[in-house]
Amino acid sequence: MKNIGAERPPPGTENPEDSIWQEHSPRGIETLPAKLERYASARVRSLEMVDYLRTLAKPTDSHLSRNVDQQRALDASIRLCSCGEWITLRHYYSVDQLRLIAANFCQQSKLCPLCAIRRGSRNMAVYLERYAFIKAQKPTLQPFLVTLTVKNGLDLLERIKHLKTAVRRCIDARRQALTGNKSGHTIFKEFSAGIGAFEITNTGKGWHPHVHFIILAETMPDQERLSREWLKRTKDSYIVDVRAIDQVNPASGFCEVFKYAMKFQGMSCENNWTAYCNLRGQHLLISFGDFYGVKLPEKLEDDCLDDLPYIDLFYRYLVGSSAYTLVKDELHISAAQVGIAVGPAEGGNGDPTAPAATRVRPNLGDAHVRYD
Ligand SMILES: [Zn+2]
């Protein structure tokens, strides 16, 4: 069994796990360039999709009217085109915390990489919090990554429905076994908790839906037993995978689940749009046991910190350079914070990327200063 997370590649790569991993981790100002690069890469893909959707949205009849599908493509392209045009990052320089506090998100996370990165990392944060809570109550539980797959098919809706039905059967069997309503043998009753994300891939051999679960159990699930039960539930599929997760750093394993929204961006624009149209409105997360009932954050922005001075950095995306450029920065500081947070006006290291221990005040440059 492979131990996930022990060999996480360095920041800067662009696979979905790394994007979620980097976005999740609370980071200081030194991560600013990589963050902007990540958002810019997402926007490049979004604009490719906008071009594709505009082509789809062109009226084909002589009256220049759009049918329902063309209008849907046009509406999605308009929202996608404006998503991430500008973003506001906030640097709490006294504690070196960089947060995304505003952007015009389109909320189409099955279509938009920027919204997908934010959705995945925000959801992962609340489940990691729940995991820490459960682990404190039941320290003998360990997290494992369990993947269940069904055979490829050409009908995406049929395949995803088949997968979801089989997963639901497993969860129902667990509940019935634990409540004593049925004496059925199911490996799922050995799992204290599970949070799973449905993923879809298409590499030219039809749609391949599968689900990645983080499950909590006393011992590693037996893969052969799980495979036999999965075949019983699906009638046609037996391929499953069970892996240990790095106990010291479980977040790296959780990335495998919460990258789900990002996987759409691995498809062609055509397949991504087909998947989006088929899965619009569908929940792609499923939970049971101690992971059930976690309230997911609605907003995609980071939470703000109270009572700390900060500098807001306003960025706009420039199509010509495919990059974000700083258009304004603004220091916010209360009268009570003047002496303690900004520090001496002279003699300090004003470099905002300097290590926290040596950073006395931010490099204001031409920043606008507001005393709140
Ligand atoms: Zn978006």
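How many of the residues in helix 7 (residues 250-258) are buried? Select helix 7: 7 of its 9 residues are buried, and the helix is mostly covered. Buried means that 20 or more other C-beta atoms lie within 10 Å of a residue's own; exposed means 12 or fewer, partly exposed is in between, and C-beta atoms are placed from the backbone. The buried residues of helix 7 are Ala251, Gly253, Phe254, Cys255, Glu256, Val257 and Phe258. Helices (H or I, at least four residues) and strands (E, at least two) are DSSP runs, numbered from the N terminus.

Before going on, note that this is a predicted model: local features need pLDDT of at least 70, side-chain atom pairs count only at pLDDT 80 or more, and totals for chains, interfaces and linings use all residues. Residues are numbered from 1 along each chain as its sequence is written.

**Whole chain**

Colour the chain by pLDDT, the predictor's confidence in each residue, from 0 to 100. The protein chain averages 85, and 83% of the residues score at least 70. Select residues 1-13, where pLDDT stays under 50; the model has 27 contacts beyond four places in sequence for them. Then select residues 340-362, where the pLDDT is also below 50 and the model has 35 contacts beyond near neighbours in sequence. Two residues are in contact if their C-beta atoms, placed from the backbone, lie within 7 Å.

In cartoon view, the protein chain shows 9 helices and 11 strands. Of its 372 residues, 37% are buried. Among contacts with a separation of 6 or more, 69% join residues 24 or more positions apart.

**The core**

Next, select Leu80, Cys112, Ile215, Phe254 and Phe258, the residues with the most contacts inside the largest nonpolar core, which has 80 residues. Such a core is a set of buried Ala, Val, Leu, Ile, Met, Phe, Trp, Tyr and Cys residues joined through C-beta atoms within 7 Å. Helix 4 (residues 113-137) supplies the largest share of this core, 8 residues. Phe254 and Phe258 are also among the buried residues of helix 7. Centre on Cys112: leaving out residues up to four places away in sequence, Cys112 touches Ser46, Leu80, Cys83 and Cys106.

**Helix 2 against helix 8**

Show helix 2 (residues 32-57) with helix 8 (residues 269-279). Their axes come within 10 Å and cross at roughly 80 degrees. Axes are lines fitted to C-alpha atoms, for helices over the stretch in contact, and angles run from 0 to 180 degrees between N-to-C directions. The two helices, helix 2 and helix 8, are therefore roughly perpendicular. Glu48, Met49, Tyr52 and Leu53 of helix 2 make the contact with Cys269, Asn272 and Trp273 of helix 8. By class, this contact has 5 nonpolar, 1 polar and 1 charged residues.

**Single residues**

Go to Gln22, in helix 1 (residues 16-24). Gln22 is buried because 20 other C-beta atoms lie within 10 Å. The C-alpha atoms of Gln22 and Arg38 are separated by 9.3 Å, and these residues are 16 apart along the chain.

Asp307 is in the loop between strand 8 (285-289) and strand 9 (310-318). Asp307 is not a glycine, although its phi is positive, about 60 degrees. Asp307 counts as exposed, with 8 C-beta neighbours inside 10 Å.

Finish at Ser322, in the loop between strand 9 and strand 10 (323-333). Ser322 has a positive phi of about 50 degrees and is not a glycine. Ser322 counts as exposed, with 12 C-beta neighbours inside 10 Å.

Conventions
Parallel < 35°, antiparallel > 145°, perpendicular 65-115°, else oblique. Nonpolar A, V, L, I, M, F, W, Y, C, P; charged D, E, K, R; others polar.
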